[in-house]
Every structure is written in structure tokens, then in C-alpha cells.
Amino acid sequence: MDITWMSFFIIVLFFIIVMESVRRGILETRDSLIWIFTCMVLGVLSLSRDLLAYLADILGIAYAPSLLFLFGLISTIIMIFDLTRRISKLNNKVTVLTQEFALLKEEQERMKQDKNEVRKKKI
Amino acid sequence: MDIKNVPKTAIIVPAYNEEDNIAKTLEGLMALKNELDNVEICVVNDGSQDRTKEIVETFEVVQINLPQNLGIGGAVQTGYKYACNHDFEIAVQFDADGQHNIQDFVNLIQPIMNQEQDMVIGSRFLQKTDYRGSRVRRIGIYYFYLVLKLLTRKKFTDPTSGYRAINRAVIELFAHHYPRDYPEPEVLMHLSRKGMRIKEVPANMQSRQGGASSITTWKSFYYFGKVTLSILMSSIVKEY
């Protein structure tokens, strides 16, 4: 099978997985945007050799398929950076939650003790 | 000790797997607490897996148990949040491993009680003390001294010291924002930029009594890089 078709099928398969994940609620819609966009661009570029050659020519790329790599690489880097940022953000949130939880628990414990002391005094 | 009436003061003791040292440290602090009014000891147990929790429970102190390990920055900040919520006027950070000396406590909080300073740091190098750290450690401390001097034009002879006292204004600031790992030098940059008054007083410190330091040889490379970067970063970041 021609490599063009093979990569196209892989991309279509991947596209279906993305859509199915969104449908099942595993992947949030806003997170799927960049994946859908990447799939579409890669799909179109891998099917139409003329378009790929034309774009490569404009950009001054001697070997046209490397444009595919470039595009794939850029989207991957953007996605990884976005993920790192989100991890940092989540990290902060988890820290705040952990602290707040511990502080509340301490307060609850103290209230329990106070209650017990009051009860003892009554007896 | 010449003063008895201190404003509401919290001694924050972050502890992570400190079963070897915590009892001794807390005994010392309890003696201090009995001597001074208005002092509360607050141990932040940073998700220890050993018997730290059980040992701390035998003392009459406030114990805050983090359900998971957050690292020194997150643990200390929990203490500052506690101090902030319960209207403490002064907070003192005190290491659980027994390297800090309670004899220096009054010297540390005195400038804050007089409202002359916002933060006071116990320094091992301001005067000649008995402190004997490894050479690498002292080179590291000197390096941060140079970096901070370059950026803040102020001299912090012991920028990594964890023995520090702060007033209400700084407590509120720390409750809102505190760096995560290896926070000590970074905080100095942050506070200098805010125009806070910081002073060092001489303090004696023992080399650690037992347990393991949070900074191992391999981690020290990461430590240098991370702290340098975060000092540089906090000299340019947006004010929070």
C-alpha cells in the first residue's frame, strides 16, 4: 500500500478515536480542538501531494514531506507545553486543597475535644 | 529571658519523617512556651510515614497533618495559613531536626515586637559561631549570598537559614503566596522587592542531630539550578 494512503488511514483512525473519546466524555471538548485541527491538517496534506509540494515550495523546503514532520512537531510541542502548564496549575490547586483540608481537620478535631470537655464538666 | 509578655506568637515546626529528633525539639519548645505567654506551637506534619504523628500527639501542641507530602514550602505555608486564620501577630519558623537554638528565640522576635523589622533571620555567619557545615554547603550559601547581593543590593549572610520570624504583614503575604521547594532564598528576593524590612541576627546552629537532610548530594545540583532560576524569576515576575 502506498505510504500516502497508509498515513491517511492512520490519521482517520486516530480522528475517530478522538471523536469517540469526546462523545464518551473521556476527553473534554476544548481539549479535543487542537487534536481535531491537527488531524484535519495532516489528513489533507498527506492526501494531496500537489498541495504539499506547493506549500513546501512557498516555504522553501526542498523535501516536501518534511513539511508534514514540521507541522506534526509544532503541534506536539504546543500540546506538551499546554500540558505542562496545566500540570503546574493542577499542582497549585492540589496544594491549596491539601492545606485547606489539613487546617479544617485540625479545627474539627479541636471542636470535638472542646465538646468532650464541656460534657465532662456537666457530668 | 527578660521579656514575658509577647504578642500572640506561633512557632511553626514543619516535620517530615522526624521521629528521631522531634521529641527533643518539642521538649525544648515546650519549656520556652511555659516561660512566655501567648506562644503556641504548631507542628505541620508533612505526610510523614514514620512515627512522627504519634510522637507529636503526646505533646500539648497544635498538630496539622497534611494527608500527603507537599514538600517544605507547602508545609511551612500551611503553618502560615494557620497563623493567618487565627490572628497571630508573629510567626517563627523552627526546624524539627534540632539544629535551631531556643536561646536565640527572643533575639529573633525582639525587633519585630519593637516594630523595627518585618522579618528577622537567624544567621550562622553574622558572627563566628560553632556551626561546622560541609564545604559544599558553605560554598552554596556564599553563592546565594552573592546572587542576592547582586539583585537586592542587600547583604544576607545566611540566605538558606530556616530560622526566621515574621510579623503580621508578612504572615498574610506568605499565606497568600509561598514558593514550593527550597523556598528560603527566594523569599528574600520576593520580600525585598516588596520593600519589607529584613534583618539578620546571630544564631547558633548545631549540625543535624539525626535523620537525613532534605538536600542530598544529587539533589544539590537541582537545588542550585532551581533556586538560582527562581531568584532570578522572582526578580522579574509580576507582583502577586
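UniProt positions are given here in the numbering used for this model, and such annotations may be inferred rather than shown by experiment. With that in mind, welcome to the tour of this predicted model.

**Stop 1: the coiled-coil annotation.** Select residues 80–121 of chain A, which an unreviewed UniProt entry lists as "coiled-coil region". You will find that this span is 100% helix and 0% strand.

**Stop 2: colour chain A by confidence.** The mean pLDDT of chain A is 88, with 99% of its residues at 70 or more. Which element of chain A has the highest mean pLDDT? Pick helix α4 (residues 66–122) of chain A, at 90. The lowest among the elements of chain A belongs to helix α2 (residues 29–47), at 86.

**Stop 3: the transmembrane annotations.** From the unreviewed UniProt entry comes "transmembrane region" for residues 6–22, 34–56 and 62–83 of chain A. Move on to residues 62–83 of chain A, where the chain is 82% helix and 0% strand, with end C-alpha atoms 33 Å apart.

**Stop 4: where chain A meets chain B.** Now show both chains and select the contact, to which chain A gives 13 residues and chain B gives 17. On the chain A side, highlight Thr98(A), Gln99(A) and Leu103(A): they lose the most area to chain B, together 43% of what that side buries. Residues of this side of chain A comprise five nonpolar, five polar and three charged. Between them, the two chains bury about 1200 Å², 57% of it on carbon and sulfur atoms.

**Last stop: polar pairs.** How many residue pairs are in polar contact between chain A and chain B? Look for six, both residues at pLDDT 80 or more. Salt bridges between chain A and chain B number zero.

How values were computed. Residues numbered from 1 in each chain as written. Chains lettered and ligands numbered in written order. Predicted model: local features only at pLDDT ≥ 70, side-chain atom pairs only at ≥ 80, totals over all residues. Heavy atoms only, no water. Contact = heavy atoms within 4.5 Å. Buried area = accessible area lost by both parts, 1.4 Å probe. Salt bridge = Lys/Arg side-chain N within 4 Å of Asp/Glu carboxyl O. Polar contact = N/O pair within 3.5 Å; in protein donor to acceptor, adjacent residues only side chain to side chain. Nonpolar A, V, L, I, M, F, W, Y, C, P; charged D, E, K, R; others polar. pLDDT = per-residue confidence, 0-100. Helix = DSSP H or I, 4+ residues; strand = E, 2+ residues; numbered from the N terminus.
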